[in-house]
Amino acid sequence: MATFIVRRLIAAVLILLAATFLMYNMVALSGDPLEDLRGVQTPNTAQLIEARIRLLHLDVPPPLRYFIWLGGIAGCFIGQCDFGMTVQQQPVLDVLVNSMDQTLRLVTIATVVAIILGIIIGITTALRQYSTYDYGVTFVSFLFYSLPIFWFAVLLKQFLAIGANDWLQSGAQIQGWVIALVAAVSGLFWMSVLPGDAKRKLLTFALAAASGGLLLWYMSVSGWFLNPRFIVFGLDFSLLAIAALFLTVALLVTAILSGLKNRRSLFIALGMAALGVALYYPVNYVLFNPQVVPMNGWIMIASFVVVVLFGVGVGHVLGGDNKAANRKVAAWTGFLVFGIMVVDRHMQLWQAYSEAGFVRGRPIATIGAANPGFSQSSFFVQGVDAFTHMLLPSIALMVISFAGYTRYTRATLLEVMNQDYIRTARAKGLTERTVFVRHAFRNALIPITTIVAFDIAGIIGGAVITERVFGWTGMGSMFQNGLDRTDPNPVMAFFLVTGALALLFNLLADIAYAALDPRIRVS
């Protein structure tokens, strides 16, 4: 394995060198970086031109100038990175560091959400092949896949931002015909997803329509959209609602990873959920209290790590004969339970955020990555602000990949489910959950892993357009400004990051193959 990794890293470095050489020369030869100065007639124009020539080494031919740039990049190995200067005489490294945070945060969230939703929906369509639900998802997937990203982003700004903000300012009341329409759509959706005969489908439609309509009606009359909390009829039932949600998570995790018939796994998951309920108020009043714990991103990540490690320990100690499966059950239950606590804490601050003077009742942002008015606020207030600014661009980027993941997951699962070893597993008497989770899904992940690796660079490329539409000053803006000014250095910084990420994720995909399928070995 070590030899394989070293060989791939050497190949990746050679590929990156060839690609950067071509890219640098194409940008350098695409225009005149002195054009903006040549058109200005001032007494010091000649001095400005001479200064820029010296700053950007314009007196050196582009093929040779590339090696000057490469020498600065090579200094990163000794801690002296030099990405060059921009035409505005700014260090490219400083511009890159300031813009990478916004772009990578946006791309990471969009990618993770697209992968999770795409795989889940792809699985359900494969299990309900040729159903109304399958045809509907296929239509929506191809529709999303064909949408121009810039046009879709403008639609999001118009309807999901401006329209939603107007609706929130007017009181967030839902009209009766909208509730009836949503109820009918909910009924049709669940009727198409859940199998059964005609009588059972009609019962499913009635229950789903009634539940969806009543839930939406309650959310409207109680002002839930203005204050999204676990509150019922004016009474604070947060802990009861949280307990019910934790219980649901424990049951789902156990059903997926071990099966509800595995009593030990079920008790471990329920124990983790009960512990989450017991710690709900202490966590909110101590860990999530900025006056007690100065929460930041690193402390939050460390908290998740501690929760997962604690779950692994619980699963190992109480796991009995099946410690490996119970470690996963306890770890995933703890992770999701703590994640719900984090989301709930952000929800508690939504109304105060929306009514703040900087927001003025219009919380869904259309421009920028953050509101400067909240720069000195607590971690969770900044989290709410980041969510409102990332909502629209994340959806726009997610649509790029969502359709592809859905279709690839469906096609791969259908192919795997028809293999001989799947029929053999069923013939041995294994449950359908075991056949699917341990045999089919794991092998279906192999081609999906390849798609994820190739998709990373594609999503970052899509971020160039998305950032421009939503006014983000990220890597996309740096790339676009470099192209407009025929400035190779910022363009190369963008290209170097995206190229390195693409090669890195392809290497990780090759390594993941061996973990997903024991038959695959690299030497």
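User: What is the relative accessible area of Gln-89?

Analyst: This is a predicted model, in which local features need pLDDT of at least 70 and side-chain atom pairs count only at pLDDT 80 or more, while totals for chains, interfaces and linings use all residues. Residues are numbered from 1 along each chain as its sequence is written, and side-chain values use heavy atoms, with hydrogens and water left out. Gln-89 sits in the loop between H4 and helix H5 (92-127), where helices (H or I, at least four residues) and strands (E, at least two) are DSSP runs numbered from the N terminus. Buried means under 20% relative accessible area, exposed over 50% and partly exposed in between, with a 1.4 Å probe and protein chains only, so Gln-89 counts as exposed, its relative accessible area being 55%.

User: Near what value is the phi of Gln-89?

Analyst: Most residues other than glycine have a negative phi. Gln-89, a residue other than glycine, has a positive phi, near 65°.

User: Thr-486 also has a positive phi; is Thr-486 buried or exposed?

Analyst: Thr-486 is not a glycine, and its phi is about 50°. The residue lies in the loop between H19 and H20. Because its relative accessibility is 9%, Thr-486 counts as buried.

User: Within what arc do the buried residues of H19 fall, seen down its axis?

Analyst: Helix H19 covers residues 475-484, and its buried residues are Met-475, Gly-476, Met-478, Phe-479 and Gly-482. They line one face of the helix, because the arc within which they fall is 165°. That arc is taken over the directions from the helix axis to the C-beta atoms, and for H19 the value is 165°.

User: Which residues does the disulfide join?

Analyst: A disulfide is a covalent bond between the sulfur atoms of two cysteines, and here it is assigned to a pair of cysteine sulfur atoms within 2.5 Å. The structure holds 1 disulfide. Its S to S distance is 2.0 Å, and the residues joined are Cys-76 and Cys-81.

User: Which residues is Leu-93 in contact with, leaving aside neighbours within four places in sequence?

Analyst: Leu-93 is found in helix H5, and its relative accessible area of 28% makes it partly exposed. With contact meaning heavy atoms within 4.5 Å, Leu-93 is in contact with Cys-81 and Phe-83.

User: Which residues line the largest cavity?

Analyst: On a 1 Å grid over the protein atoms alone, a cavity is a set of points where a 1.4 Å probe fits but cannot get out, a pocket is an open set with protein on both sides within 12 Å along at least five of seven lines, and lining residues have an atom within 4 Å of a point. Grid points are joined across faces, edges and corners, and a volume is the space filled by probe spheres set on the points. The search finds 1 cavity of 30 Å³ or more, and about 40 Å³ of space lies in the largest cavity. Its lining consists of Tyr-24, Leu-56, Leu-58, Arg-65, Asp-487, Pro-488 and Asn-489.

User: Which residues does His-57 touch, not counting those up to four places away in sequence?

Analyst: His-57 lies in the loop between helix H3 (45-56) and helix H4 (62-74), and it counts as partly exposed at 33% relative accessibility. The C-alpha atoms of His-57 and Trp-69 are 9.7 Å apart, with the two residues 12 apart in sequence. The residues that His-57 touches are Arg-52, Arg-65 and Ile-68.

User: Which helix supplies the largest share of the lining of the second largest pocket?

Analyst: This pocket has a volume of about 580 Å³, and of its 22 lining residues, the closest to its centre are Val-13, Leu-16, Phe-77, Leu-496 and Ala-500. Helix H1 (2-28), H4 and helix H20 (488-516) each supply at least two residues of the lining. The largest share, 9 residues, comes from H1.
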